[in-house]
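Let us walk through this structure together, one region at a time. Please have the sequence and the 3D view open as you read.

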Amino acid sequence: MLRGQMMDTPLMISGILAHAAQAHGKQEIVTRTVEGPIHRYTYRDCYARTQQLAHALVALGVKPGDRLATFAWNTYRHVELYYGISGIGAICHTINPRLFHDQLEYIVNHAEDRFIFLDLNLVELLEGLADQFPKVEGYIIMTDREHMPETTLKNALCYEDLLEGQPESYDWPLFDENTAAAMCYTSGTTGNPKGALYSHRSTVLHAMGLLAAGTLTMDSTTSVLPVVPMFHVQAWGQAYAAPICGAKIVMPGFRLDPPSLLELFNDEGVNLTLGVPTIWLGLLNHLNETGAKLPAGFVLVSGGAAAPLSMIKAYEEDHGVTYVQGWGMTETSPVCAAGGEGPGFTELDEDTRYARKMKQRRLFGVELRILDDDHNDVPHDGKSSGELVCRGPWIASGYFNDDEASKAAITEDGWFRTGDVATIDEDSLLQITDRTKDLIKSGGEWISSIDLESVAMGHPDVQEAAAIAMPHPKWTERPMLVIVSRDGSSLTADDVLAHLDGQVAKWWLPDDIAFVDELPHTATGKVSKLQLREQFKDHKLPTI
Ligand code: ADP
């Protein structure tokens, strides 16, 4: 082999913000602060403060390889932490404050976090947990002196005090691009949470991959508002991708209710936003109830769970929104595939167009396969399903300090096992049909809970629906639907069955339908099937 004569400069996260400060220096980062008011500054300001932060971290005694945790919402200070911490070779460990307390205890101790940065309205939560964190040396409250609360947290410091007086220029070290930069634990619905450890290389390539996806449409004319939290898989890479292309970033803080979001969408000219379907269902209800409008040219990205067809159609047809669906997970940085449009899309008939909107195309850099139980490839015909496995520079090769989980996650030939069940069609478009642990197996055949839910949610009086497997002596398992009906509706089980009839195969029709006031949700805002199965474990199907 003849070696190329090109420079071997490492892909560094610090390089992203340095680039933004130079190439897009006047572009804004706008935040609804936890303290209340809207804060705005430029990439240049952000870069200067990130350099002050780097000095402050070194002064605190932070060393390369140290883990520093954040319990924080989407704000400009959190952006500074992303860059300042990784820039000096330490690891920014984002934590979801909505996790169960025993999970938080496990995560902080397992990661051996040295310091915790926290937002003002999470002080009480941390005060209640601090006794369980013997190794944490100090807590930095992300506010200014004026808002600094009284607290029992040991070594409590004020973020703005820490930065004050530090030089605005830092000589960022260059080191191996495979060095760890950030970390995020899975929510651990089964067993202990597991830590995905992202590198500088994986983070930069993932951000560039997002920008190359086309369907995510970001450039320096974009105003992007990530509703997806910065603790939920790095806000799906937005805080890294936006500075590369010079997009304006609008950070919603912790107010994610529809009126607060709408205010920012309209005031800040937002034309790209990202989040999980639960958020978009709530926003859609609000739009329909109030007649409020979204800005023109709005692109809405949904991921983290399947979205019902009825929601996609309502956004596109009634609200003039371009809907894009993405697939990914904590272990895949997360985005691996997004948007099913592709060549010739606009000429397709309506049904085919919407069918494509529910699928996603893989990003350059990621390889996807679907496998049967014997690890043979399943045909890409859009019908045959199998376990989705993936490979690429932003896919986890294992978990932090967890050999057993690492071994289980990777196939013998080096592919990451996603635990998702999917189809891939002739155009190579991916569609998730289930999670392996949520599958419903009836009489030896699989029923896709996602499909069943999507059709059920097409009924105008169904607010939310979840399908779960119930044990059955003859068929092994049968589907049961749990439904939240819209306020004021008098929806009955027979109405739902009549609606499903003809839209799904006869043998997919649920054996029972229950109505509840609310479905249980996970800390990332998805329906918790685990909790739902637990809730209905003593329920007896009428067909037994
Ligand atoms: P958790 O949901 O446990 O907090 P993740 O955020 O990593 O963890 O979730 C990843 C999972 O979300 C995927 O494995 C998949 O089951 C689901 N998911 C993500 N995107 C989609 C999608 N477009 N369609 C269906 N399911 C999706």
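A polar contact is a pair of N or O atoms within 3.5 Å; within protein, one must be able to donate a hydrogen and the other to accept it, and residues adjacent in sequence count only if both atoms are side-chain atoms. This is a predicted model, where local features need pLDDT of at least 70 and side-chain atom pairs count only at pLDDT 80 or more, while totals for chains, interfaces and linings use all residues. Residues are numbered from 1 along each chain as its sequence is written, and side-chain values use heavy atoms, without hydrogens and water.

Start at the ligand. A polar side-chain atom of Lys526 sits 2.6 Å from a ligand oxygen atom. His232 also places a polar side-chain atom 2.8 Å from an oxygen atom of the ligand, and for Arg435 the distance is 2.8 Å. In total, 17 residues surround the ligand (a heavy atom within 4 Å).

Next, look at two helices (DSSP runs of H or I, at least four residues, numbered from the N terminus). H2 (residues 43-60) and H3 (residues 76-87) pack at about 60°, their axes 9 Å apart; axes are lines fitted to C-alpha atoms over the stretch in contact, and angles run from 0 to 180 degrees between N-to-C directions. H2 and H3 are therefore oblique to each other, since angles under 35 degrees count as roughly parallel, over 145 as roughly antiparallel, 65 to 115 as roughly perpendicular and the rest as oblique.

Finally, find H7 (residues 200-212) and H8 (residues 238-245), which pack at about 65° with axes 9 Å apart. H7 and H8 are therefore roughly perpendicular to each other.
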